[in-house]
Amino acid sequence: MLELEHGFRVVDVHARLEPDEDRRQREGLGDPERLEREMHQAGVVRSLVFPSAREGNYLPANNAVARMSVGRPFVAVARINGARDPADTTAAKLRNLTASRRDHHTSPGDVEQYAYDDRFVGFKLHPARDGLPDEEVLEQLDEVGLPTVVHGGRGFPPEAVEATLLEYDFPVVLAHFGGHPLDRELMERSIDLLDAASSLYLDTSFVRYRDPLERAIMEHPDRVCFGSGSPAAHPNVAVMEVLTLDVPEDAMTKVFSNNPGRVFDALAPAGDG
């Protein structure tokens, strides 16, 4: 794809790496060289990265992604998991009564270790895929205070985010406007949450509808962060979706750079390599 020329400083809060070549969906997809090349094409100067989903403990994959980020315009966030079922069903609630953390689940000590490891600047949580951490882990997330990127969608809707995460003070960046895959109603409900939840931000990855993007940026210009969704989406496409919105240029600057840099210090201009 051709390189974009847009004049904005762009940083990305949502990109995925796959440290195991055998697990990549197809050749090159999810490897650091390709991501760095595509970021350059899109004018993205820095990206948050995390590992793809897998079974078991995320520690080896998190460490591998941190190693892959050295010398590249990437900043790692640690992917975490939990023993609780995030579904709002009677069966899930019954299971959670007896659910207990196992060796492969993230512990409070793991959170503390990641937080004081300068290779990681926050956390990534996909409750529908990896489970929801227990209260002790969430309390430790609150204690360390680092931002957490949360996969939002039908498996973990805005109401679940509000009930389980927004009672704490650590910043929550709700990916996909909380509406993956392409659930416009969930996106609108996530935007509504911004009025009451000062620690909540939305990322633009896989938000393909113009109206919710423009609504969120115009109503809450300080609470929307650019996310590419790479490698499933090319960063060029994600950047163009924002560039073509009918919003003021200063609002685009906030989405592309200022807001991500305020939530994640490593994405602020001084962090550019």
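Which charged end sits over the ring of Tyr201? Select Tyr201 together with Arg223: the charged end of Arg223 is placed over that ring, 5.8 Å from its centre, where a charge sits over a ring if NZ of Lys or CZ of Arg is within 6 Å of the ring centre and within 35 degrees of the ring normal. This is a predicted model, in which local features need pLDDT of at least 70 and side-chain atom pairs count only at pLDDT 80 or more, while totals for chains, interfaces and linings use all residues. Residues are numbered from 1 along each chain as its sequence is written, and side-chain values use heavy atoms, with hydrogens and water left out.

Next, select Arg184 and Tyr209, where Arg184 lies over the face of the tyrosine at 5.3 Å from the ring centre.

Then turn to the ring pairs. Rings of Phe, Tyr and Trp (its six-membered ring) pair if their centres lie within 6.5 Å, with planes under 30 degrees apart counted as stacked, over 60 as edge-to-face and the rest as tilted; by this rule there are five aromatic pairs. One of them is Tyr168 with Phe170, a stacked pair at 6.0 Å centre to centre and 25 degrees between the planes. Both Tyr168 and Phe170 are buried, meaning under 20% relative accessible area, with exposed over 50% and partly exposed in between (1.4 Å probe, protein chains only).

Now select Phe226 and Phe256, whose ring centres are 5.5 Å apart and whose planes stand at 65 degrees, so the pair is edge-to-face. Phe226 is buried at 0% relative accessible area, and Phe256 is also buried at 0%.
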